[in-house]
Amino acid sequence: MDAFDSALTAARAQFAITISFHIVLAALTIGLANFLMALEALWLWRRQTIYLDVYRYWLKVFALTVAVGTASGLILEYQFGLNWSRLSTQAGDILGPLMFYEVLAAFFLEAGFLGIMLFGMKKVGPRLHFFATCAVAMGSLLSAFWILSANSWMHTPAGYAIGADGRFIAQDWWAIIFNPSFPYRFAHMTLAAFLGTATLLAGVSAWQLLRAPQNPRARLVWSMALWAIAVLTPVQIVAGDLHGLHSLNVQPQKVAAIEGSWTRPIEGAGEPLRLFALPDMTERRNHWELAIARVGSLYLRHDLSSTIAALDEFPPQDIPPVPTVFFAFRVMVGLGLLMLGQGVASLVLRWRNRLYATRWMYRWCVGMTPAGFLAMLSGWTVTEVGRQPFTVYGLLRTADSLSAVSREQVVGATWTILAFYLVIFGVGLWVLLRVLREPPHAGEPGPQPTLADETGES
Amino acid sequence: MLDNDWVIVLSAAALGFSVLNYVLLDGTDLGVGVLLGLTRDSQLRRAMAVTILPIWDANETWLVLGGGGLLALFPLAYAILLPALYLPFILMFLALILRAVALEFRDYSPNERIKRAVDGLLLGGSLLTGACQGIVLGTLVQGIPNDGWQYSGDGWEWLGIFPLYCGAVLVVGYTWLGACWLYWRTEEELQRRSARQARALASMTLVLLAVLVTWTVNLDARYAYRLANPLVWLPASLLLLALLCGFISGFQSRRDYLPLFAALGIFVLAFALMIAALYPLIVPPQLTLQAAASSPTSQVFMLIGFAVLIPVTLIYNTYGFSVFSGKVRALEGDKQRMGD
């Protein structure tokens with residue numbers, strides 16, 4: 001393996017750091033924008049001020065996170081050149097246009113209407129304002145569409161030819177955009193963004209309700225978030241299962257690493273479900289394995305006797321780092337099951353009319369505040385570490401994708417970025433928590449309530 | 001079907017349009033950030049922030065388009081340029097995050113001293129962003145060692161005196177745009193102050209630009225040759241004269257937008273001269289647009305999207321601007337606090 005501080009490790013760490021921070025903010029933007037769209041629609045439909053109050057309160061939070069999310073995304077548009085210039089040379093013809101369309105069709109829609117959404121209610125009136133909110137929500141989803149298309153193409157390349165100079169050349173844009181793994185990834189990620197936002201909203205409003213149990217606005221948010229968790233978690237489990245089955249076809253090494261399966265069980269014995277193990281890359285086997293026989297076959301093959309390709313069936317240089325993939329997957333699924341429990345508990349409590357009377361449920365929700373986003377990050381770790389050692393799966397190795405930048409510069413920059421992000425986002429989170437400590441009140445002002453009167457004729 | 005050469009020229013034009021738009025729009029915001037950070041009076045700072053709060057995010061999006069566009073249209077240039085400018089780019093992105101956080105969070109400062117410090121971060125972020133962008137342009141013009149496929153330098157070419165000078169020019173130029181913007185968008189004391197600053201910064205920018213042009217033609221004989229073409233320098237000089245007249249008369253007339261548009265015109269002119277000196281190179285000393293281009297299929301796919309979506313984008317962005325147009329006045333000073 002590579003040295004801990006090699007340029008390759010540092011460049012990979014840099015991508016992991018920048019994308020992890022950005023992806024949480026971007027997913028929060030998607031989730032909050034759609035939540036705000038629902039609230040404004042409810043307000044326009046039912047004309048009850050409670051919706052407007054909650055809308056304005058969360059709009060303040062949105063104002064604080066959305067622009068920082070955009071700013072943290074800028075660096076990613078350039079990471080491909082900064083650290084992965086060989087990948088850019090090889091695959092720029094295909095990845096570039098997808099990212100270009102992301103900006104054209106999505107970022108501008110989001111950013112262009114953001115000002116009106118945040119500060120323009122008084123200027124443009126409720127209907128046009130609702131249109132702006134919808135444009136921002138739509139833009140955030142479209143941007144996920146394009147960037148996940150680019151990401152999926154690197155997992156399941158399609159619609160390309162290889163030119164005389166060895167570069168990928170686009171042949172069929174339809175096949176490139178809707179490459180085989182894209183529908184699964186898009187569904188799984190969009191649901192993850194909604195669920196991450198939902199557990200956050202549920203946690204924050206439960207925190208507020210523990211101290212102000214009668215606040216009707218916090219209750220509204222809590223109830224809406226729990227409905228979202230109850231409905232979307234089962235859907236997400238189905239989407240994840242389909243995504244996994246598809247990966248089994250196109251990236252069997254990844255699924256073998258997820259399962260920690262080094263050797264194939266004997267014919268008809270079925271795949272075990274390994275609850276815990278310590279995968280060992282050098283000895284190529286597991287220590288401390290705790291497994292239930294045949295259950296693995298149930299979710300991998302939907303029967304009790306089939307098996308999957310094991311890690312020893314692939315060349316050692318073609319398999320991903322097994323322990324990372326193995327544990328990240330278990331974290332993701334574990335958190336997903338806890339969310340499922342949260343949703344089911346909320347339904348039972350609703351049915352018994354005890355939803356707002358159980359403090360343990362509030363506490364559970366507070367504890368689960370970061371669960372959705374943690375599960376999302378774990379899922380990304382599974383899929384991105386699981387496709388190693390390739391950038392373009394099966395065609396271009398990560399080690400051959402690197403830029404000609406000196407080790408000192410990459411390592412120095414990576415540490416600087418990490419330190420900077422921890423400080424900046426740490427301070428940001430602290431300010432956010434101070435804002436959220438105060439639950440929404442009646443007559444809640446939006447972000448910059450005086451701004452509309454400070455510009456123009458008003 | 002279009003001829004392949006035309007596809008490349010149109011692609012270069014689309015990319016140039018995106019980068020230029022970024023420089024004009026976000027350059028102005030960065031200039032406002034610098035002036036805001038240098039202002040003592042809290043009420044004036046509030047007014048300055050209000051002029052850019054609803055629009056700066058959209059302006060910054062052009063930078064993403066520039067990055068995505070360069071990768072998509074000229075992937076080889078992207079793959080050579082970015083590793084060569086590794087540290088300036090990374091610093092610029094950190095500075096942009098700093099600036100975004102400072103601008104959006106400043107009203108949550110618990111007291112006036114902390115708010116002043118936050119505005120100091122906004123100043124630092126804006127200065128560093130502008131300087132890094134100037135360094136990037138300067139290094140590009142100076143030439144980047146490459147084998148036509150990958151970057152082959154030592155990673156420190158940008159630390160030369162010419163790129164650093166370009167960084168300084170761009171910071172002063174951006175601040176000038178910011179002052180002109182504030183002259184247009186504000187009234188009374190802040191407007192008078194901005195007028196004084198705009199005039200002083202205009203003289204500085206012009207002197208710095210004159211030195212820059214002289215320096216550039218001495219860098220490379222090909223630049224001198226291209227810029228010595230009367231079809232280049234003659235219209236450029238006439239245009240410069242007209243823009244200067246517009247700038248000066250703007251302060252006498254009631255058309256408060258005039259100085260800003262004249263200043264933006266001078267930026268467009270300087271940008272055009274840079275393109276004229278470089279063309280047909282995209283990365284000096286030898287990489288041409290032709291050699292760096294992606295395949296015609298990719299370029300045509302993007303040009304279609306560009307032709308359809310950019311007009312729409314410009315329309316709704318203009319609408320977004322117009323919603324918040326008109327003079328800004330800080331109503332109640334800078335009294336907004338957390339949680340109220």
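**View 1. Helices α7 and α8 of chain B pack at an angle of about 150 degrees, with their axes 8 Å apart.** Here α7(B) covers residues 161–185 and α8(B) covers residues 188–219; helices are DSSP runs of H or I with at least four residues, strands are runs of E with at least two, and both are numbered from the N terminus. Axes are lines fitted to C-alpha atoms, for helices over the stretch in contact, and angles run from 0 to 180 degrees between N-to-C directions. The pair is therefore roughly antiparallel, a label for angles over 145 degrees. The crossing of α7(B) and α8(B) is left-handed, so the near helix is turned anticlockwise from the far one by less than a right angle. Their contact is made up of 19 nonpolar, six polar and no charged residues. Nonpolar means Ala, Val, Leu, Ile, Met, Phe, Trp, Tyr, Cys and Pro; Asp, Glu, Lys and Arg are charged, and the others, Gly among them, are polar.

A word on the model: it is predicted, with local features needing pLDDT of at least 70 and side-chain atom pairs counting only at pLDDT 80 or more, while totals for chains, interfaces and linings use all residues. Residues are numbered from 1 along each chain as its sequence is written, and chains are lettered from A and ligands numbered from 1 in the order in which they are written.

**View 2. Leu137(B) sits in helix α6 (residues 112–142) of chain B.** Leu137(B) counts as buried because it has 20 C-beta neighbours inside 10 Å; the cut-off for buried is 20 or more other C-beta atoms within 10 Å, with C-beta atoms placed from the backbone, whereas 12 or fewer means exposed and anything in between partly exposed. Look also for Cys166(B): its C-alpha atom is 7.3 Å from that of Leu137(B), though the two are 29 residues apart along the chain.

**View 3. Helix α4 (residues 75–84) of chain B is mostly covered.** Of its 10 residues, 10 are buried, including Tyr78(B), Ile80(B) and Leu82(B).

**View 4. Chain B meets chain A through 66 residues of its own and 67 of chain A.** Residues are in contact if their C-beta atoms, placed from the backbone, lie within 7 Å. On the chain B side, α3 (56–73), α4, α5 (86–105) and α13 (296–323) each supply at least two residues. Helix α5(B) gives the most, with 13 residues. This side of chain B divides into 43 nonpolar, 18 polar and five charged residues.

Key:
Two residues are in contact if their C-beta atoms, placed from the backbone, lie within 7 Å. Angles under 35 degrees count as roughly parallel, over 145 as roughly antiparallel, 65 to 115 as roughly perpendicular and the rest as oblique.
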